[in-house]
Amino acid sequence: MTKLCVILGDQLSLQSASLQRINKEKDSVLMAEVKQEATYVKHHKKKIAFIFSAMRHFAKLLEQEGYKVHYTQYHDSDNKGCLFAQVADYTESNQVEEIVIAQPGEYRLYEDIQQWQSRLNTRVTLCADNRFVAPQSFFSDWAEGRKQLRMEYFYREMRKKYGCLMENGQPVGGKWNYDSQNREKAPKQLEVPKATQFAPDDITTEVIEMVKETFSEHFGDIEHFHYAVTREQALQVLEEFISQRLQNFGQYQDAMVQGEPWMYHSHVSFYINSGLLSPQECIDAAEQAYTAGQAPLNSVEGFIRQILGWREYIRGFYWHLMP
């Protein structure tokens, strides 16, 4: 059976559930920069550049790993403008017995993919989204019968289930939440570490020029693009946050200083949401820093709460209530 694995722009992980379902020796991977996904709302220019550059770098990585990749760039002559049409065109020209794709993060696209099997007359396997710590069902099971869906209580259940910052069934330090210690004002003479930045390579430079020309009506400034676009770079951002910023992250988490937009924040959400980093490895890195005495509990707990608490909670809340 020949399979086609469709990788979306925010599923850029070799551990993606869909990639685990194919055989690189005989199956293929399809990736496409399509107009429908880039323009259904006017995304920030830097966001478009980040996603397209990260996609192109990931496609290159897949090829290095031995996968057969069919990649369509935005201005390629065979670009059909929407993901379904791109998949349909490929299946018409190739013998595809099954299409494999991981569940998208948006209900809009999820609803569309559910129609593919009948429209293409080809089996479509929709895999669970493994870019989160908990399965989607965990939130729904927790929410069942509750009058209030409070994040704090969901977060505590996540801590218990995954043994995060736990000791003998109790939270490390005796409290679940140290947010009260994370509201200090920044002193006037505060030396904030420089943000981890990367010079655009040839792939990113080409994407930036394309975005300038094609998405000029979108908001935002495309100049001074410096984001990570590969897993190796994303790991460097995480490592430098742990070593340089985590120690003071909690204390000045809510502080705002003129001319210091980055402060002690991690700036890894781009990379977790696109698949370049896994949420679990970010949580583990922070917890290991606490265990090694490199960061205080209020900073580590505050950072982990953003990922294990808020990120998982918002995702669960979204799907629990859709449409």
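Predicted model: local features only at pLDDT ≥ 70, side-chain atom pairs only at ≥ 80, totals over all residues.
Is L14 buried, partly exposed or exposed? Keep that in mind for a second.

Now, L14. Find the loop between strand 1 (3-6) and strand 2 (28-32); L14 lies there. Its relative accessible area is 27%, so L14 is partly exposed. What does L14 touch? Leaving out residues up to four places away in sequence, L14 touches L19, Q20, F58, L61, L62 and E65. Take L61. L14 and L61 are 47 residues apart along the chain, and their C-alpha atoms are separated by 9.0 Å.

Next, a pair of helices. Helix 2 covers residues 45-64. The axes of helix 2 and helix 8 come within 9 Å and cross at roughly 140°. The two helices are therefore oblique to each other. The crossing is right-handed. Who makes the contact? From helix 2, the residues include K45, I48, F52 and R56; from helix 8, they include I203, E206, V207 and M210. By type, the contact residues divide into eight nonpolar, three polar and four charged.

Last stop, V229. V229 sits in the loop between helix 8 (202-214) and helix 9 (231-244). Is V229 buried or exposed? Its relative accessible area is 4%, and buried means under 20%, so V229 is buried. What surrounds V229? Again leaving out residues up to four places away in sequence, V229 touches F50, S53, A54, H57, T204 and L276. Look at S53. V229 and S53 are 176 residues apart in sequence, but 6.3 Å apart in space, C-alpha to C-alpha. S53 also belongs to the helix 2 side of the contact with helix 8.

Conventions
Residues numbered from 1 in each chain as written. Heavy atoms only, no water. Helix = DSSP H or I, 4+ residues; strand = E, 2+ residues; numbered from the N terminus. Buried < 20%, exposed > 50% of the residue type's maximum accessible area, 1.4 Å probe, protein only. Contact = heavy atoms within 4.5 Å. Axes fitted to C-alpha atoms, helices over the stretch in contact; angles between N-to-C directions. Parallel < 35°, antiparallel > 145°, perpendicular 65-115°, else oblique. Left-handed = near helix turned anticlockwise from the far one by under 90°. Nonpolar A, V, L, I, M, F, W, Y, C, P; charged D, E, K, R; others polar.
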